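The entries follow the order in which I checked them.

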Amino acid sequence: ILVNHMHLMFSNAQDIFEIRLLDNAGIDLHIEQTTHKKMLPAEKLWNELWQSEEKYIILKDQKTPLNENIYGDAIMVKIISAASNANDGPPTCIGGIYLLRHKSFARTTDSLTTVEALESQIASALYRTQAYAETIASEKMSRELAIAGEIQASFLPDTVPDLDGWQIAASLTPARQTSGDFYDFIEFDDGRLGFLVADVADKGTGAALYMALSRTLIRTFALQYPEQPGEALRLANERILE
C-alpha cells in the first residue's frame, strides 16, 4: 500500500521522502522518492534520529548537492511500535520517515502532522499484522495439538484385559490437548500380562509420533523377549536412538 500510494500523498515531483523500517519491525521495507540520491539523509542522520529522545527532528535549510542552493527544511519522524506502552519502558523505535519539500512549493514543517499520522498508521498496521500472524500461529499450534491428542488417544488400549484373580482398571485424563503419559497392556501367549507405563517428553505431533514409535518397538521386542524385559527395553531404546 505504501509503495503504491506514497507518491500520491506527496505528489509534487520535487517532494523527497524516504521510509525505513529497522530489523525489529518484523518486516523488510524501504521506500524512497527523490530526483537525486544525494538529497536523501545520510546514515549519520538516521542514527541521530534513532538515538534522539525526541519523536522527530527538524533539519533546517537543506541544500542541493550540486549548487548549494537552499532546497528547504526537512523533517525526520520516528516510527514507534504500537505495542509500546508505559509498562514496557521507553517506546520501541521500529523505523523512521524523512520528508523534504521544496521551499517554492510548500513548507515541509506544515506537513509534520500528516507525517505523524502516517507514522501512526504504519505502526498500527504493523502491529495488526504481527497480531494476526501470532493468532494464525496459535491456531496452527492448537490444530497440531488436537491432532497429536487424537494420535496419542488412538494408541491407548481400547479395553482392559481380563486376568483371572485380578481386577484391572486404567484411565488417563490429559490436562491439555495432549498427554505426557502413556500406558499399555501386553498380553503374552502363556497368559501372562505385561504392564507398560511411560511419560512422553515434549508435546505436539512430534511427541505423539514418537510415542507411537516407542509403543510399537517396545511391544515388538517384549514379545520377542518375554522373559527379559530389560533386554526388550534396551533394544527398543537403541532402535529409537538410531
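Entry 1, the helix pair. In this predicted model, I noted that α1 and α3 are roughly antiparallel to each other, because the angle between them is about 170° and anything over 145 counts as roughly antiparallel. Helix α1 covers residues 2-9 and helix α3 residues 112-154, and their axes lie 13 Å apart. Looking up the contact itself, I found Leu2, Met6 and Met9 of α1 meeting Thr114, Leu118 and Ile122 of α3; by class, these contact residues are five nonpolar, one polar and no charged.

I looked up the largest pocket and recorded a volume of about 350 Å³. Its lining has 16 residues, and the closest to the pocket centre are Ile1, Leu2, Leu29, Ile122 and Ala125. The elements that contribute two or more residues to this lining are α1 and α3, with the largest share, six residues, coming from α3. I sorted the lining by class and got 13 nonpolar, three polar and no charged residues.

I traced five strands in an open, antiparallel sheet, ordered β2-β1-β5-β4-β3, in which β2 (30-33) and β3 (56-63) are the edge strands, each pairing on one side only. For β3 and β4 (residues 70-80) I noted antiparallel pairing over six bridges, and leucine 59 has alanine 74 in β4 as its bridge partner.

How values were computed. Residues numbered from 1 in each chain as written. Predicted model: local features only at pLDDT ≥ 70, side-chain atom pairs only at ≥ 80, totals over all residues. Heavy atoms only, no water. Axes fitted to C-alpha atoms, helices over the stretch in contact; angles between N-to-C directions. Helix = DSSP H or I, 4+ residues; strand = E, 2+ residues; numbered from the N terminus. Parallel < 35°, antiparallel > 145°, perpendicular 65-115°, else oblique. Contact = heavy atoms within 4.5 Å. Nonpolar A, V, L, I, M, F, W, Y, C, P; charged D, E, K, R; others polar. 1 Å grid on protein atoms, 1.4 Å probe; cavity = no way out; pocket = protein on both sides within 12 Å on 5 of 7 lines; lining within 4 Å. Points joined across faces, edges and corners; volume = space filled by probe spheres on them. Pairing = 2+ DSSP bridges.
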